[in-house]
Amino acid sequence: QVQLVESGGGLVQAGGSLKLSCAASGTIFSINRMGWYRQAPGKQRELVASITSSTSTNYADSVKGRFTISRDNAKNTVSLQMNNLKPEDTAVYYCNSFLRTISSWREYWGQGTQVTVSS
């Protein structure tokens, strides 16, 4: 049974910083991509940032230069450092991973963590 557990969300003022962390646990043979998505009320879930096993990164245009994604392959963790936060960054942030278990490759999601940025 694979689980992705997020931590680090909260309330911050505009211009502030938060760091989200996500740990994948269970019987995991290999992790390809790890990333973060977010969903604001009334909007579709969107990709924020992703990172491959070779540490190639991809960012949404709206967060480039403000957010930094990183991963620790030995610990199966991914982090998202969010700086200069804006009210429009307010959303539930979900950890996402494409990984291989004993049976197959598939996508997993965390339960989500709320990030609220006040103006």
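Q: Is Phe98 buried, partly exposed or exposed in this predicted model?
A: In the predicted model, Phe98 has a relative accessibility of 27%. Buried would require under 20% and exposed over 50%. Phe98 therefore counts as partly exposed.

Q: How do the rings of Phe98 and Trp105 pair?
A: The ring centres of Phe98 and Trp105 lie 5.4 Å apart, and their planes meet at 20°. Planes under 30 degrees apart count as stacked. The pair of Phe98 and Trp105 is therefore stacked.

Q: How many aromatic pairs does a search of the whole structure find?
A: Tyr37 and Trp109 form an edge-to-face pair, with 5.0 Å centre to centre and 65° between the planes. Phe98 and Trp105 form a stacked pair. The search of the whole structure finds a total of 2.

Q: How many residues apart in sequence are the parts that the pair of Tyr37 and Trp109 ties together?
A: Tyr37 belongs to strand β4, residues 30-39. Trp109 belongs to strand β10, residues 105-109. The pair therefore links parts whose separation in sequence, in residues, is 72.

Q: Which ring lies under the charged end of Arg106?
A: The charged end of Arg106 is 3.9 Å from the centre of a ring and sits over it. That ring belongs to Tyr108.

Q: What is the C-alpha to C-alpha distance between Asn58 and Ala74?
A: Asn58 lies in strand β6, residues 57-59. In sequence, Asn58 and Ala74 are 16 residues apart. In space, their C-alpha to C-alpha distance is 21 Å.

Note on methods:
Residues numbered from 1 in each chain as written. Predicted model: local features only at pLDDT ≥ 70, side-chain atom pairs only at ≥ 80, totals over all residues. Heavy atoms only, no water. Phe/Tyr/Trp six-rings, centres within 6.5 Å; stacked < 30°, edge-to-face > 60°. Helix = DSSP H or I, 4+ residues; strand = E, 2+ residues; numbered from the N terminus. Buried < 20%, exposed > 50% of the residue type's maximum accessible area, 1.4 Å probe, protein only. Lys NZ or Arg CZ within 6 Å of the ring centre and 35° of its normal.
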